[in-house]
Amino acid sequence: MPLVPSPTWRRSSGTAAASLNAELKLQPLLLLNAGKQCAAGHSSMMEMGEETRVERDSTCTSNGSEQCQNSSLLEAAEDSLPNSATPPGVTNTETVINEGKAQIIFPSANEVFYNPVQEFNRDLTCAVMTEFARQQLLSKGIQVLVPGEEERQKIVVNLTESENAGTAARLGDTSALKRTATVGEKCEGGIRVLEGLAASGLRSIRFAKEVPGIHSIVANDFSEKAVTLMKRNIELNEVQHLVTASLADASMLLCGSRRRQDRFDVIDLDPYGSPSQFIDAAVQAVSEGGLLCVTCTDMAVMAGNSGETCYSKYGAMSLKSKFCHEMALRIILHNLDLRANCYQRYIVPVLSVSVDFYIRVFVQVFTGQAKVKASASKQALIYHCVGCGTFHLQRMGKMISHGNNYKYTASSGPPVGTECEHCYQRHVLGGPVWAEQIHDQDFVERVLKSVEHNPKRFKTSDRILGVLSMAKEELPDCPLYYTMDHLSSVIRCNTPSLLQMRSALLHAGYRVSLSHACQKAVKTDAPPSVIWDIMRCWEKIHPVKREKLSESCPAFRILSKEPVLQACFDIREDANPKSRKQGLKRFQENPEANWGPKARAKVGGGIQQTLEEKRKRLQNKRKQKLSDSDSGNTIPCKIFREGNRGEDCHQEATTKGTDQ
């Protein structure tokens, strides 16, 4: 009997009992209407919107012993769920997925994506949108209310507004009393949301059922099958009053919403791969002060593997370096600001995170010609040493204050010579990138407090708390970072602990923080000379065999200089950040086997080669050498093809050798 796969796709570890309980809640649903045949289903899909969105699902059948065991467990659980029922219209070839408060139907054909690893992305977006709606609707006298926050909201209102509200009520002025916007209800004067690449509509449905203060949501996709499935899911979740399915090209839909009265307050772009083709229209279609949410999954391009491709898409050269993940964030922010500047608009980042296999940025878009003039001073080029990894930033422009006015000029440079002053190796040039802060600390604090007071709202709340806590602790004015393992590998010594390195920088009088983008990262305002002085002092405590070092290697040249600064590695109390002391989940382990971005499916579905088989087939493909016989048979020489077989014919020699 076909069973519905478990809707619980866990990103973090949990108890076995909790996982079993989650499975038993959904699997008995089809027992009520199915036969006696038992099979266990499993689906792995990705919801990462694209204009030509297609779906993918892979199913497998368990052995007979597991079938009997599952049947007994399901029969035992059926009594505890007497009111459970199969969603209407679900066939044996379809799968039901529960995420958050949404319930989504997926066909078994390879036509629609759903990636359980991206649940953190969707949870974080719901949390950010809730605080954005709270902030936007406050000026309109509308108070948003989230389930689980009733008591906290009641206390805040009683302490801050009870006196004014009572006075207004006695005077008969009800306009001073705030309206309340709750989840699932249409809010007049609320925010308008567009999901440009909606696929199954999961994200839009979650917005409708989990984010208060929403007036309307447009869930758009270019695939007719995706829109048909989207309409079914909207009806299944009973959110027709909020969510409208749209069949259109995302870029054309955005371009048609450029007029002020047609703009959206929130635009969410989560494409398969690069969002570059939608950004130009998106920065025009978002309202004044509106929120633009963008996901990039083409990390191979943005992390330095193809710098020329990165330039063609984002207008910046990416570098293969240890700070590549934060650089990817700054590249997409640079591109967003560059596109917005064309229309006298500029961006203000509120939250930018690099997690798992993608990056996610939340920016507000404003209009102002004077502010746009300052955009050049917010961008910078990166000089990166290929030997020791030292980096320097060169601002593109300069802003000089003259009383109440500013003068904008070109920046002077470069900040480095023809060779690195530490290892005498050459520099490579990357960027331009966004050189200002990538988080709004006040906004991050509000989102953090909201999740802290309502931890049961999301399944990934513990990870949201960890990532946001690290983002709040980051130094806002120190772009990029060094990594402990790279610093040690350059001078070929063992690695100091994170606390020892942080303490040495604090003893030297500099600021230091961690980074959410890399577990071993150190962000600091100390110049590179101080960093290498600290590493020279560490090498004196833990010496390396200098006689084995080549005179041309970076380690020999760095260690040949005596340190100017005498570092102290005594552990300081403030060297351990708060998020680390509390043991928050900052960097999680792999959530499941073969997790990550899924392969792009084909229109019309069909079963593709499994990801495991494809990886095994392509493993070390560039290192494998063809045998002589294969080379001769697959690539015949020109002499052999022309029929002139003589002493110079390698094909004939190969064929004879094979026959013997």
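Begin by selecting strand S5, residues 191-195: 4 of its 5 residues are buried, so the strand is largely enclosed by the rest of the structure. The model on display is a predicted one.

**The whole chain**

Of the contacts between residues at least 6 apart in sequence, 72% join residues at least 24 apart.

**The nonpolar cores**

Return to Leu 194 and select Ile 267, with which Leu 194 is in contact. Which residues touch the most other members of the largest nonpolar core? They are Ile 267, Leu 292, Ile 332 and Leu 336, in a core of 84 residues. Colour helix H11, residues 324-341, next: with 8 residues, H11 gives the most to this core. Another core lies apart from it and has 50 residues, including Met 129, Ala 133, Leu 202 and Ile 234. In soluble globular proteins, nonpolar side chains tend to be buried together.

**Ala 208 in helix H5**

Select helix H5, residues 202-210, and centre on Ala 208 within it. Is Ala 208 buried or exposed? Its relative accessible area is 1%, under the 20% limit, and Ala 208 is therefore buried. Display its surroundings: leaving aside neighbours within four places in sequence, Ala 208 is in contact with Val 183, Gly 184, Ile 217, Val 239, Leu 242 and Val 243. For Val 243, 35 residues away along the chain, the C-alpha atom is separated from that of Ala 208 by 7.1 Å.

**The sheet S17-S19-S18**

Move on to an open sheet of 3 strands, in the order S17-S19-S18 and with antiparallel pairing. S17 (482-483) and S18 stand at the edges with a single partner strand each, so one side of each has no neighbour in the sheet. The antiparallel strands S17 and S19 are joined by 2 bridges; select Thr 483 and Ala 521 to see bridge partners, the latter in S19.

**Helix H16 and its cover**

Of its 10 residues, 7 are buried, so H16 is largely enclosed by the rest of the structure. The buried ones are Leu 498, Met 501, Arg 502, Ser 503, Ala 504, Leu 505 and Leu 506. What covers these buried residues? The cover includes strands S18 (512-515) and S19 (518-524), together with helices H15 (484-491), H17 (528-541) and H19 (578-581). After H16 comes Gly 509, with a positive phi near 95°.

**The largest cavity**

A search of the whole structure finds 3 cavities of 30 Å³ or more, and the largest of them holds about 40 Å³ of space. To display its lining, select Glu 326, Arg 330, Gln 437, Ile 438, His 439, Gln 441, Glu 474, Leu 475, Pro 476 and Lys 523. Coloured by class, this lining shows 4 charged, 3 polar and 3 nonpolar residues.

Terms used: Residues numbered from 1 in each chain as written. Predicted model: local features only at pLDDT ≥ 70, side-chain atom pairs only at ≥ 80, totals over all residues. Heavy atoms only, no water. Buried < 20%, exposed > 50% of the residue type's maximum accessible area, 1.4 Å probe, protein only. Contact = heavy atoms within 4.5 Å. 1 Å grid on protein atoms, 1.4 Å probe; cavity = no way out; pocket = protein on both sides within 12 Å on 5 of 7 lines; lining within 4 Å. Points joined across faces, edges and corners; volume = space filled by probe spheres on them. Nonpolar A, V, L, I, M, F, W, Y, C, P; charged D, E, K, R; others polar. Core = buried A, V, L, I, M, F, W, Y, C linked by side-chain atoms within 4.5 Å. Pairing = 2+ DSSP bridges.
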